[in-house]
Amino acid sequence: MKFRLPHLPFGHAELEPFLSSEQVDTHYFGHHKNYVEKVNQLVIEQGLPDATLEYIINNQDGKLFDNGAQAWNHTFYWMGLTPLTPGPNANGKLMEAINRKYGNLEGLKERFIESAAALFGSGWCWLVATPDGEIDIVNTQNADNPIRLERVRPLWTCDVWEHAYYVDYRNERKEYLRSAWRHVNWEFIERNYSTEEVPNMTRLMTDPSPTAPHKNA
Ligand SMILES: [Fe+2]
């Protein structure tokens, strides 16, 4: 199947001042698009035209894994951001899990930022759900994705490759992380937490609708 760059759920300038439109454009059209084009080329070259991104992440290595996982990871990252910032449902099961593990929302935020800031080199920091319904924070290096870790489901991620923030923040990763936290799409996290399935980015990236940028781009 041919993967498409997904529509962003916001205009490219709508996350300002967290991310400038230049930062979003560079990341989306420069990096994400490149991963999508490469994975499309590699599935053909390697005789796997029907492979889903989730299959590639779980079963492939090398360049195909790297580009397939990066295509997935970036879609998941964008979907987890929002210009609007309503918090999680204060009485929902997700909030109960946050309180059990981290005391409160502020505790989760601080632990997440601490973990992401400490990641050496390039990678991703993830909020995940464990099979017993608890939540956890994991870092992965380079393109790696926690769906390769048995029975752990991603709920949210923050891209901590330097290309995600260098235009706006230079080397100030922690500032980028603090700003990102103000744009968490809690509705997305709550949906991922409640569905108990691995989020399906292939579906979002094989939609037959055209891949024109968001109307506000
Ligand atoms: Fe990135």
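Which hand does the crossing of H5 and H7 have, right or left? I will start with that pair and then move to the sheet. Please keep in mind that this is a predicted model.

The crossing of H5 and H7 is right-handed. Helix H5 covers residues 105-118 and helix H7 covers residues 173-181. The two pack at an angle of about 145°, and their axes are 10 Å apart. On the H5 side, the residues in the contact are Lys109, Ile113, Ala116 and Ala117. On the H7 side, they are Arg173, Lys174, Leu177, Arg178 and Trp181. Sorted by class, that contact has five nonpolar residues, four charged ones and no polar ones.

Now the sheet. It is open and has three strands, in the order E2-E1-E3, with antiparallel pairing. Strand E2, residues 135-141, and strand E3, residues 153-159, each have a single partner strand, so they stand at the edges and one side of each has no neighbour in the sheet. On average, neighbouring strands here are turned by 25° against each other, direction ignored.

Strand E1 takes in residues 123-129. E1 and E2 run antiparallel and are joined by seven bridges. One of the pairings puts glycine 123 with glutamine 141 in E2 as its bridge partner. The hairpin of E1 and E2 has five residues between the strands, and there glycine 133 takes a positive phi near 90°.

How much of E1 is buried? Six of its seven residues are, so to call the strand mostly covered is in keeping with the count.Next, helix H3, residues 62-79, which packs on the sheet and touches E1 and E3. The direction of H3 makes about 85° with that of E3.

Leucine 5 lies in the segment before helix H1, which is residues 21-45. Is leucine 5 buried or exposed? Leucine 5 counts as buried because it has 21 C-beta neighbours inside 10 Å, and the cut-off for buried is 20 or more. Along the chain, leucine 5 and aspartate 207 are 202 residues apart, while their C-alpha atoms are separated by 9.8 Å.

The second residue is glutamate 197, in the loop between helix H8, residues 186-195, and helix H9, residues 201-205. Glutamate 197 has 8 C-beta neighbours inside 10 Å and therefore counts as exposed, the cut-off for that being 12 or fewer. From lysine 2, glutamate 197 is 195 residues away along the chain, and the C-alpha atoms of the two are separated by 23 Å.

Note on methods: Residues numbered from 1 in each chain as written. Predicted model: local features only at pLDDT ≥ 70, side-chain atom pairs only at ≥ 80, totals over all residues. Pairing = 2+ DSSP bridges. Helix = DSSP H or I, 4+ residues; strand = E, 2+ residues; numbered from the N terminus. Axes fitted to C-alpha atoms, helices over the stretch in contact; angles between N-to-C directions. Contact = placed C-beta atoms within 7 Å. Left-handed = near helix turned anticlockwise from the far one by under 90°. Nonpolar A, V, L, I, M, F, W, Y, C, P; charged D, E, K, R; others polar.
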